[in-house]
Amino acid sequence: MSGERNGPHRRDARRPGGARRGGAETRARQDRVSAARTVAYDVLTAVRESDAYANLLLPARIERARLSPADAGLATELAYGTLRLLGRYDAIIARASGRPVEAIDPPVLDVLRLGAHQLLGTRVPTHAAVNEQVALARRVAPAAAGFVNAVLRAVSRRELADWLDEIAAGAGSPDEALALVHAHPVWIVRALRSALEREGRGDELAALLEADNASPRVNLVALPSLAPDPGTLGDADAYSPTGFTAEDPIGLVGRMDGRVRVQDEGSQLAALALSRVLPVRPGERWLDLCSGPGGKTALLAAEALEGGAQLVANEAVPARADLVRRAVAPVPMEVPVHVGDGRDLDPAAMDAEGGFDRILLDAPCTGLGALRRRPESRWRKSPSDVAELARLQGELADAAFAALAPGGVLAYVTCSPHTAETHAVLGRALERWGDAAEVLDTASVVQRVARHPLDLAGDDRTVQLWPHRHGTDAMFIALVRKG
Ligand SMILES: C[S@@+](CC[C@H](N)C(=O)[O-])C[C@H]1O[C@@H](n2cnc3c(N)ncnc32)[C@H](O)[C@@H]1O
């Protein structure tokens, strides 16, 4: 063993300049950063500097770097895990370095965050995590390599549980402690708590925050009548009758020509609540008002085809309207996709003079119900987004309700559980609509649609799904009938 180690040195020493080359080789080895870490670091940089979306950027970077499946998995874990838990790691780095993170150069801070995640959130051995991050620091901020080494060694000297106790103890309030430990902004912790408390389930808050920090499974939808039964393709979902998981989801999607798609189970239940609220009368007219990128439109189209209804889609953003066209292409029926602001909705221009029988308003929202899917999103949002979106949601709801035919049903859906976007928008809309509107027992409809009973809480008129309780995104669904 010692011979193996000494061999190269002896050989180098006999050659003129050999010792120098040996030093250079050692330095080169020390400076090596694995491709997976380089990709993860590049993604962190792009998210910080250019507001990039990690879930869009990462696959392209993985492909460009030609990572093996194992390295792609490591790069994904490092980038997503670091971004999700950023607030927690910043608090730990501040303590380990003895200075506020605002005083650390952003590129160096990203190196430290990536290192902290390897040390506290993965099984990467300590020496590999520290050495590679120091090598990365030498590449991106050479003067800070010693600092990175010292901080990461300090981080590595304690277990995660000890660090969490320490940052919780240093927090200014119980809410701030929860926010630091579970890596959510405080205002989001408060919003989620108040949504759970509204259902009498405030004690589930920690479970919800933890569920937001886990990677969601890849869930699939088999378009009814067009794809084989979900149970024959993989493991059927617990709740969605059209949903399932499979061993090789992406391969399966590739082979099924758009008839099998990636779709969250909660999104499927939201679309099915509308398509199955009542038996479909042939010739019914359906509208998907805010349809991009078209996940729910595709499912609605398959359901409309089965029942003999017609479907029209609308989307404000042209590029997203194109995605809707692509999503519905495998369904053998014509689904016109309009581009326009849903608030200016004109049923006559969509060939529905008498109004629509069913409208899905899957409203633009903060997406606080899908935090596990978009790792950086929680740090980018602010309470002012909520107020702005709530106004838009109310205006879209008014336009949708006005476009319903008598007896028609509106599904108001958000992938946010924030009560300002759910109950408050709905409550104010119902006041404006008065006796013309009746909220249906949405909970019974969703239970009837679901494969197995769901543990739903709160008011039966609306449904709130949750990642920690149902394994879905936190979708809100309310069915409203026009008198
Ligand atoms: C929550 S997403 C819809 C997701 C879609 N239902 C699906 O399942 O794939 C909301 C969509 O509304 C669009 N949108 C935003 N403002 C709009 C408006 N004023 N009118 C119509 N669509 C709008 C957004 O571009 C976005 O594509």
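Start by selecting S291, which sits in the loop between β5 and α17; strands here are DSSP E runs of at least two residues and helices are H or I runs of at least four, numbered from the N terminus. You're looking at a predicted model, where local features need pLDDT of at least 70, side-chain atom pairs count only at pLDDT 80 or more, and totals for chains, interfaces and linings use all residues. Residue numbers run from 1 along each chain as its sequence is written.

Start by selecting S291, found in the loop between β5 and α17; strands here are DSSP E runs of at least two residues and helices H or I runs of at least four, numbered from the N terminus. You're in a predicted model, where local features need pLDDT of at least 70, side-chain atom pairs count only at pLDDT 80 or more, and totals for chains, interfaces and linings use all residues. Residues are numbered from 1 along each chain as its sequence is written.

S291 is buried because 31 C-beta neighbours lie inside 10 Å; buried takes 20 or more other C-beta atoms within 10 Å, exposed 12 or fewer, partly exposed in between, with C-beta placed from the backbone. Contact means backbone-placed C-beta atoms within 7 Å.

Next, click C290, in the loop between β5 (285–288) and α17. C290 counts as buried too, because of its 24 C-beta neighbours inside 10 Å. Beyond four places in sequence, its contacts include E315, G342 and D362.

Then show the ligand. C290, G292, G295, G342 and D362 come nearest among the 18 residues around it, where near means a backbone-placed C-beta within 6 Å. α17 (295–307) and β6 (310–315) each give that shell at least two residues.

Finally, zoom out and colour domain 1 (35–162) and domain 2 (220–482), with bounds from an automatic or database assignment. Their C-alpha centres are 37 Å apart.

Definitions and conventions
Contact = placed C-beta atoms within 7 Å.
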